[in-house]
Amino acid sequence: MTDDTTTPHGAGAEGTPPAPDTPLVELRGAGKSYGNVRALHGVDLTVDAGRVTCVLGDNGAGKSTLIKIVSGLHRHTEGEFLVDGRPVRFATPRDALARGIATVYQDLATVPLMPVWRNFFLGSELTKGPWPLRRLDIARMKRTADRELRDMGIVLDDLEQPVGTLSGGQRQSVAIARAVHFGARVLILDEPTAALGVRQSGVVLKYIAAARDRGLGVVFITHNPHHAYMVGDHFSVLRLGTLELSADRGDVGLEELTDHMAGGAELAALKHELAQVRGVDARELPEEADLTAPWRRPRKAAPDPAPPSGGT
Amino acid sequence: MSTAQRAGSAVGTPQTPGPGGADGRAARRPAVLRLLARPEVGVFLGAAAVLVFFLVAAPSVRHGSSMATILYQSSTIGIMALPVALLMIGGEFDLSSGVAVITSALAASMLSYQLTVNVWTGVVVALVLSLAIGALNGWMVVRTGLPSFLVTLGTFLILQGVNLAVTKLVTDNVATDDISDMDGFGQARRIFASSFDAGGVQVKITVVWWLVFAALATWVLLRTRYGNWVFAVGGDEGSARAVGVPVTFTKITLFMLVGLGAWFVGMHNLFSFNTVQSGEGVGQELIYIAAAVIGGCLLTGGQGSAIGPVFGAFMFGMVQQGIVYAGWNPDWFKAFLGVMLLGAVLINLWVRRTATRR
């Protein structure tokens with residue numbers, strides 16, 4: 001917070017021309033202020049088909065604000081937000097959904113006591129028959145849900161079981177499969193592994209990869225660099241509402257990613273100071289020189305040194 | 001990984017290795033447990049137990065005419081218990097449902113009598129009024145986000161006061177005037193309050209309506225989009241809204257359904273007894289709610305059935321009349337109700353824990 005010049009943020013203001021392969025979703029210098037509080041500022045983000053873009057950050061770093069903009073819950077107050085290369089401004093999450101941007105929130109938007117297949121089609125039920133006798137096409141819904149889940153590699157032998165009886169990873173996967181089925185091109189996953197154990201997290205990571213392989217652009221929000229590094233193609237680290245790092249997989253290692261996540265750049269600057277303090281072991285902190293990941297796609301990144309006063 | 005894959009192909013996700021992995025455990029729950037977890041099974045067993053108990057304890061229950069009386073008693077509770085149960089599955093309460101029945105009957109009776117019009121005019125106006133009360137309840141609950149307990153407690157008190165005050169104002173009495181000699185009364189009575197002969201036993205038509213409504217409610221609940229929405233708004237309102245379920249519409253229409261039920265029972269009361277006592281109905285709302293809860297509807301919403309409350313209402317009717325036939329002090333009725341209610345709540349609690357355990 002005290003030393004902004006060490007962040008790579010200041011490095012980039014080149015204004016690269018748009019790539020010929022237009023990204024599905026693109027943020028250019030986007031930001032969001034809640035009254036006086038600037039929760040997000042000057043953030044660039046691209047989501048390409050068949051790629052996983054990881055957004056990392058500590059609590060209050062602006063991750064939630066970022067996804068709320070992309071998923072249509074909030075409107076950005078600065079910068080640009082483009083879908084398929086065209087600027088957009090969503091009024092509601094339904095608008096985002098109509099453009100193929102689906103968000104799987106932490107609470108998953110499932111109803112625990114309802115069967116899996118009913119949850120899968122909730123709000124978009126398939127029906128048959130004329131009006132007074134219009135009824136749910138249960139056979140078709142079960143068939144479709146089963147096929148979609150299998151396509152994602154999820155095998156449940158009883159679609160009648162309440163979603164609440166599934167494990168956390170399975171529930172997450174059902175929510176992902178549902179989003180994929182209902183035409184999502186961009187899938188935003190809000191901390192899908194946050195509440196899960198190691199094994200269940202693995203399950204979810206596998207489905208993230210499956211969604212990517214089906215050609216979806218995935219935005220994977222997490223505060224776990226290990227999870228991010230397993231599936232990510234691009235990494236954006238948010239810190240106090242601005243981008244701390246934006247690098248492709250080839251340009252950044254797990255260790256460096258972790259360092260950035262932990263506020264490494266800032267800590268590195270403080271290393272020599274911390275080394276003087278008794279009881280603080282600063283030897284393992286990275287040197288500033290170690291944090292070398294290049295700044296990728298930093299379009300219009302306004303080099304504003306003033307950090308926002310608070311996160312989300 | 002290979003062992004995991006083999007295990008996974010049978011049950012659960014392939015990615016969860018190891019014996020007894022968390023995934024797939026639910027699928028292996030014994031069939032008996034899954035059957036018991038169905039909300040209406042417990043109440044069915046309970047109703048059967050109560051029936052057998054009184055068949056043994058009170059020989060006169062075995063007569064067809066006694067059974068017809070028991071079923072009639074059950075149907076007047078049961079018809080209202082249905083919409084109350086649907087509303088409960090949808091996550092809300094209606095404490096005004098008991099007095100709303102009387103409001104509807106009073107409106108139909110006084111309007112027809114005072115204006116000297118065909119009783120059907122009063123019936124239709126009462127229907128509109130009942131639906132409007134339901135819609136108002138629903139709108140206030142959705143709009144304010146207050147617990148429906150509070151909102152409908154308010155409506156309950158309002159209606160209770162209005163029932164008494166307006167009746168006294170209009171008729172100078174606590175009851176309405178007899179409308180049995182008015183135009184259309186006979187016709188309306190045939191629909192709302194007649195009896196028919198079934199194998200030498202006079203059965204009230206409300207029993208038939210009760211079962212028809214229960215079948216209809218079951219179909220709506222399990223086979224239509226609306227039914228899906230009812231479960232969803234009660235189970236998790238936020239999630240339901242997030243996936244595009246029209247939460248406001250669903251809740252308001254559920255309250256209106258309670259209004260519809262109140263109208264029907266109100267019309268039955270009116271055309272059975274020709275007059276309406278304006279102070280009645282207080283306390284009935286709790287009987288309806290109890291029947292729904294005993295019928296396996298989760299007090300917090302999201303689970304239940306329409307067939308469960310049928311058995312719940314039958315248990316009430318059975319106990320209420322059975323005590324009389326057995327020659328016991330009818331004061332015991334409420335004590336029985338309390339015991340049944342507590343038992344049902346405990347079963348519900350267990351079901352919820354079983355269903356959501358992971």
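Predicted model: local features only at pLDDT ≥ 70, side-chain atom pairs only at ≥ 80, totals over all residues.
## Helix α9 of chain B and its setting

On the face of α9(B) turned away from its buried side lie the exposed residues B:V212 and B:L216. Residues are numbered from 1 along each chain as its sequence is written, and chains are lettered from A and ligands numbered from 1 in the order in which they are written.

The buried residues of α9(B) are B:T206, B:V207, B:W210, B:F213, B:A214, B:A217 and B:L221. They cover an arc of only 125 degrees around the axis, which puts them on the same side of α9(B); the arc is that of the directions from the helix axis to the C-beta atoms. Among the elements that cover these buried residues are α4 (64-89), β2 (201-204) and α12 (247-273) of chain B. Helix α9 of chain B comprises 19 residues (205-223), which should span 27 Å at 1.5 Å a residue, and its end C-alpha atoms are 27 Å apart, in agreement. The expected span is 1.5 Å times one less than the number of residues.

Chain B contains 15 helices and 2 strands; helices (H or I, at least four residues) and strands (E, at least two) are DSSP runs, numbered from the N terminus. Of the 358 residues in chain B, 48% are buried.

Chain A is divided into domain 1 (1-100 + 185-312) and domain 2 (112-183), with bounds from an automatic or database domain assignment. Contact between these domains involves 14 residues of domain 1 and 11 residues of domain 2, where contact requires C-beta atoms, placed from the backbone, within 7 Å. Helix α6 (residues 198-213) of chain A supplies the largest share of the domain 1 side, 7 residues. By class, that side has 10 nonpolar, 2 polar and 2 charged residues; Ala, Val, Leu, Ile, Met, Phe, Trp, Tyr, Cys and Pro count as nonpolar, Asp, Glu, Lys and Arg as charged, and the others, Gly among them, as polar.

Note on methods
Buried ≥ 20, exposed ≤ 12 C-beta atoms within 10 Å, placed from the backbone. Contact = placed C-beta atoms within 7 Å.
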